[in-house]
Amino acid sequence: MTVSLFTAFAAPFLLQATADVDVGAQTGAGAPSIEATLPKVTSLDQLPIEQAASMRCSVAFALVTRWQNQGDPRGANYPDLEADGGREFFVRSLSPLMRDRGMSGTEVQTMILREVQELEQIDKGAQAQSMMPACLLMKQSAGL
């Protein structure tokens with residue numbers, strides 16, 4: 001159930017991120033970064049700290065959004081992330097992985113789902129909640 005709910009949440013963002021990457025490739029906008037030659041990652045732990053942090057916050061935002069949509073009290077103390085930049089943050093975090101690392105939407109989704117499962121199985125979302133203040137600041141500093 002967790003995977004299907006998260007997939008329903010993440011699918012539009014993955015599609016948007018893929019579209020953003022494809023548009024850049026079609027228009028020739030920007031050359032691929034040097035990271036495009038790096039090996040693909042299978043875990044957030046393999047990413048540079050900035051990318052790993054933004055991806056972990058994206059996962060936390062997705063979890064909180066799901067809680068909010070389900071009326072779960074764990075999401076009540078946070079702004080409406082679906083309407084308040086959480087989606088855009090998610091897409092902005094995914095795009096570099098797909099563009100710079102050459103990852104497919106499926107590869108990114110698999111990595112994210114693994115992170116979601118870990119967060120939920122270890123502590124029922126308490127870690128995501130403890131991350132939220134820093135993640136909300138990160139979202140705000142990104143102009144969202």
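Helix α2 passes helix α5 in a left-handed crossing; a crossing is called left-handed if the near helix is turned anticlockwise from the far one by less than a right angle, and right-handed if clockwise. Helices here are DSSP runs of H or I with at least four residues, numbered from the N terminus. What we have is a predicted model, in which local features need pLDDT of at least 70 and side-chain atom pairs count only at pLDDT 80 or more, while totals for chains, interfaces and linings use all residues. Residues are numbered from 1 along each chain as its sequence is written, and side-chain values use heavy atoms, with hydrogens and water left out.

To stay with this pair, the axes of α2 and α5 come within 9 Å and cross at roughly 115 degrees. Axes are lines fitted to C-alpha atoms, for helices over the stretch in contact, and angles run from 0 to 180 degrees between N-to-C directions. The two helices are therefore roughly perpendicular to each other, a term for angles of 65 to 115 degrees, where under 35 is roughly parallel, over 145 roughly antiparallel and the rest oblique.

Which residues of α2 meet α5? Among them are Ala53, Cys57, Phe61, Val64 and Trp67, and the α5 side includes Met131, Met132, Cys135 and Leu136; contact means heavy atoms within 4.5 Å.

I turn to the second partner. α2 and helix α3, residues 86–101, pack at an angle of about 140 degrees, with their axes 9 Å apart. That makes α2 oblique to α3, and this crossing is left-handed. Phe61 in α2 is one of the residues in this contact, as are Phe89 and Phe90 in α3.

As for α2 itself, residues 49–70 reach 31 Å from first C-alpha to last, close to the 32 Å expected at 1.5 Å a residue. Gly71, with a positive phi near 75 degrees, follows α2.

Finally, confidence: the protein averages a pLDDT of 74, on the predictor's per-residue scale from 0 to 100.

Key. Expected span 1.5 Å × (residues − 1).
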